[in-house]
Amino acid sequence: MQSLVIVAHGSHLNPGSSAPTYDHADTVRATGAFDEVRTGFWKEEPHFREVLRTVEGDEIYVVPLFVSEGYFTEQVIPRELRLDGWDVSEWDSDGLSADQAALVAEDVDREVHYCGPVGTHRAMTDVIVRRAESVTGDPDVGEGFGLAVVGHGTERNENSAKAIEYHADRIAERDRFDEVKALYMDEEPEVDDLPEFFESDDVVLVPLFIADGYHTQEDIPEDVGLCEDHTEGYDVPTEVDGTRIWYAGAVGTEPLMADVILERAADAGADLGTALDDVRETTRVATGD
Amino acid sequence: MAEPASDPADAARDGAPEVPEIDLPSDTFDAVLDALAERDPGDPLRFEGFSVARADEGDGESAPDEYVLADGDRPSRLSERELHEALDERAPAVTDWYAFERVVGEFGPRRAFLRWLEDADGATVATRYAALAEGVERAWGELRITATVTDRGERRYDVRHADDAGVSVDELDSYDDPLDARELVTFDEKGRYRPLKTAPTLAGGWVFPDLGPRDAYETVETIYPATVANWHREREGELDVTHWRETMERQSGIYGVIKTWDRGEGHEHVNWVAEACCDDSQCLKRREWQYDDETDLDVDGGDGVFPCREPCSVVVSAARKWTRLESEQPRTYEFELTPSEKEQVEEIIDAVADGRIDEIREADTKEGANRYRTRFLRAKLFDDEGNLGGVPTDPDEEDGDDADEDDADEDDEE
């Protein structure tokens with residue numbers, strides 16, 4: 001019996017924090033690729049500490065819904081899941097390349113495949129592009145457009161910037177958008193000065209965050225100048241200093257994220273049948289009207 | 001339909017409810033045949049009160065479509081048709097086997113929970129079916145779960161808020177997908193976010209009126225995550241309790257500071273935490289964790305049916321705040337209050353702590369925590385900076401603002 005456990009941060013304060021986790025779990029569930037799909041949280045229930053005891057299967061894949069390798073994926077989650085013998089060297093990662101480690105979870109005395117975070121998977125690049133398609137309503141968006149991928153800087157986590165750059169570089173290589181830049185919230189180049197970094201009249205701004213919350217709904221819109229105060233809201237697009245900014249909100253809310261979750265599990269050996277194709281198809285941006 | 005319903009009064013006079021008529025469904029009979037096919041001839045499949053095996057010809061070969069039913073001390077040899085008749089006569093026991101072996105399955109927490117719903121004391125099939133025919137009710141947190149049995153021996157479950165017990169299904173919002181419960185548990189009756197699923201603030205007005213066994217379990221699991229698994233471990237004598245000290249020693253990052261709150265000067269601070277957060281008025285889990293494995297807390301752990309095995313994330317987050325606040329040294333402030341004002345301050349604290357603010361009527365000025373009374377107190381006693389009695393919080397500063405600390409707290413939630 002094959003089980004998927006999606007682990008995410010969750011929130012004590014924001015009721016919407018868990019919504020993307022539940023949505024993607026539902027998408028994966030609908031593919032029928034797993035006999036069960038469970039969700040676990042750091043700030044909600046079931047907690048990381050107790051989620052595995054709710055799992056029935058003996059072939060367990062744990063996928064962290066986090067944007068980069070770091071404190072949560074390397075320390076908190078393995079510790080709270082009680083992965084016996086965990087050491088970050090199990091992933092043998094350069095900060096981007098964690099795939100999976102098979103370890104026994106003491107809580108249930110069963111082996112689990114502990115996967116790398118969704119945010120550093122190569123398939124995440126496609127989700128960022130898909131997000132740009134969603135927010136512009138144009139499945140062919142690219143020509144005449146710039147794309148800004150935004151995250152925390154290295155101040156909080158050195159791998160955070162690596163993930164941003166990785167995806168920005170990969171999108172740039174595709175020559176789809178006129179310009180692609182990696183911007184940061186707490187280091188240069190800063191998202192506050194977005195229009196200075198682009199020549200394009202239209203720029204899609206995609207924050208590499210899992211859920212909408214304080215950073216994506218308050219911090220970034222105000223810093224970029226989409227609004228004076230987040231409570232006023234903002235239009236998409238909004239013109240700032242001559243640049244039309246298409247603000248996408250957290251990339252993690254994009255339905256195609258379910259694909260990255262499946263890719264992580266597949267890389268760790270899960271048998272998914274046609275689920276990957278199914279999810280790519282069902283989460284597409286509708287063309288035309 | 002043609003048969004008149006049995007008079008409940010008859011059952012009441014007998015002192016025991018009647019066992020309902022059960023028709024053996026064909027899929028249940030087929031499941032029995034499948035189970036027998038997987039067994040060697042002579043290896044019996046056991047039901048309550050009898051067993052069935054494939055007939056053994058003596059040479060290890062089975063006789064096709066011949067079965068042996070052992071009921072008491074005289075085994076009888078039956079054709080498949082006769083077996084069907086025999087099992088139909090014993091339909092309660094056969095459908096009971098089917099319900100647990102083929103529908104509920106082996107998974108420990110689910111099986112134990114569904115069994116417990118209808119059978120806390122190891123009752124016989126007849127007793128259970130008679131009770132199920134009338135509906136067996138169980139409480140789980142704020143839930144009321146009613147188990148029944150159909151005339152095909154299938155279990156059905158009605159799951160709703162205990163406050164809605166007895167309300168017609170038509171008057172409630174009806175659901176059939178257990179995952180829909182995620183929406184029902186997110187906000188309380190006043191629309192406020194519920195960060196703790198086991199807080200006694202579950203809103204009512206909804207019902208899952210007709211769930212099968214697995215969906216009943218999933219619904220309860222969605223409303224009160226992991227409570228069944230922990231309850232099951234406790235029943236098996238395997239609940240892994242992690243006490244306060246061990247939990248806080250494990251914390252890292254912004255929570256690493258909490259362990260410094262334990263200064264080897266007793267555990268009174270943890271009593272206060274448990275009284276604040278873990279009382280039955282705040283959380284329905286029964287607190288089993290203590291200060292450490294040698295030192296029990298002095299406050300009540302509650303009466304909940306499911307246990308709490310370690311301080312939860314809400315307690316850990318609050319403890320981080322208290323660790324910082326409790327590192328401050330007390331100072332002596334001097335205020336002048338009338339006796340009634342002192343009592344009013346106490347009433348305001350009580351009203352907030354007990355969540356009674358919304359119950360205090362707007363014009364009820366007898367209540368100390370009444371809004372007009374409280375606004376009057378503020379108008380009289382606060383200076384322009386919001387200092388009680390005009391006394392600055394810090395004698396060296398005009399303003400004791402701690403906005404910077406609040407900013408740091410955002411690390412906690414992103």
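Across the interface of domain 1 and domain 2 of chain A, eight residue pairs are found in polar contact, both residues of each pair being at pLDDT 80 or more; the model is a predicted one. On the side of domain 1 of chain A that touches domain 2, the elements giving two or more residues are α1 (19–31) and α8 (257–267) of chain A. Of these, α8(A) gives the most, with four residues. By class, this side of domain 1 of chain A is made up of 10 nonpolar, eight polar and seven charged residues.

The two domains of chain A are assigned as 2–120 + 254–282 for domain 1 and 123–253 for domain 2. In the contact between them, 25 residues of domain 1 of chain A meet 24 residues of domain 2 of chain A. The area buried between the two domains is about 1,800 Å², and 61% of it is on carbon and sulfur atoms. One salt bridge is counted between domain 1 and domain 2 of chain A. Arg131(A) and Glu254(A) form a salt bridge, with their closest N and O atoms 2.8 Å apart.

The interface of chain B and chain A was examined in the same terms. Here 38 residues of chain B are in contact with 34 residues of chain A. Between them the two chains bury about 3,200 Å², of which 42% is on carbon and sulfur atoms. Nine salt bridges are counted between chain B and chain A, and 23 residue pairs are in polar contact across this interface, both residues being at pLDDT 80 or more. On the side of chain B that touches chain A, at least two residues each are supplied by α8 (213–223), α9 (227–235) and α12 (313–325) of chain B. The most come from α8(B), which gives four residues. By class, the side of chain B that touches chain A has 12 nonpolar, nine polar and 17 charged residues.

Asp107(A) and Arg233(B) meet through their side chains in a salt bridge, at 3.2 Å from N to O. Glu310(B) forms a salt bridge with Arg49(A), and the closest N and O atoms of this pair are 2.6 Å apart. Glu310(B) lies in the loop between β11 (307–308) and α12 of chain B, whereas Arg49(A) is in helix α2 (residues 48–51) of chain A, so the pair joins two chains. Over all chains, the structure holds 58 salt bridges.

Chain B contains 15 helices and 11 strands. Its radius of gyration is 30 Å, well over the 22 Å that the globule rule gives for 414 residues, so chain B is more spread out than a compact globule. Taken along the principal axes, the C-alpha atoms of chain B fill a box of roughly 100 × 50 × 40 Å.

Conventions:
Residues numbered from 1 in each chain as written. Chains lettered and ligands numbered in written order. Predicted model: local features only at pLDDT ≥ 70, side-chain atom pairs only at ≥ 80, totals over all residues. Heavy atoms only, no water. Domains from an automatic or database assignment. Contact = heavy atoms within 4.5 Å. Buried area = accessible area lost by both parts, 1.4 Å probe. Salt bridge = Lys/Arg side-chain N within 4 Å of Asp/Glu carboxyl O. Polar contact = N/O pair within 3.5 Å; in protein donor to acceptor, adjacent residues only side chain to side chain. Nonpolar A, V, L, I, M, F, W, Y, C, P; charged D, E, K, R; others polar. Rg over C-alpha atoms; globule rule 2.2 N^0.38 Å.
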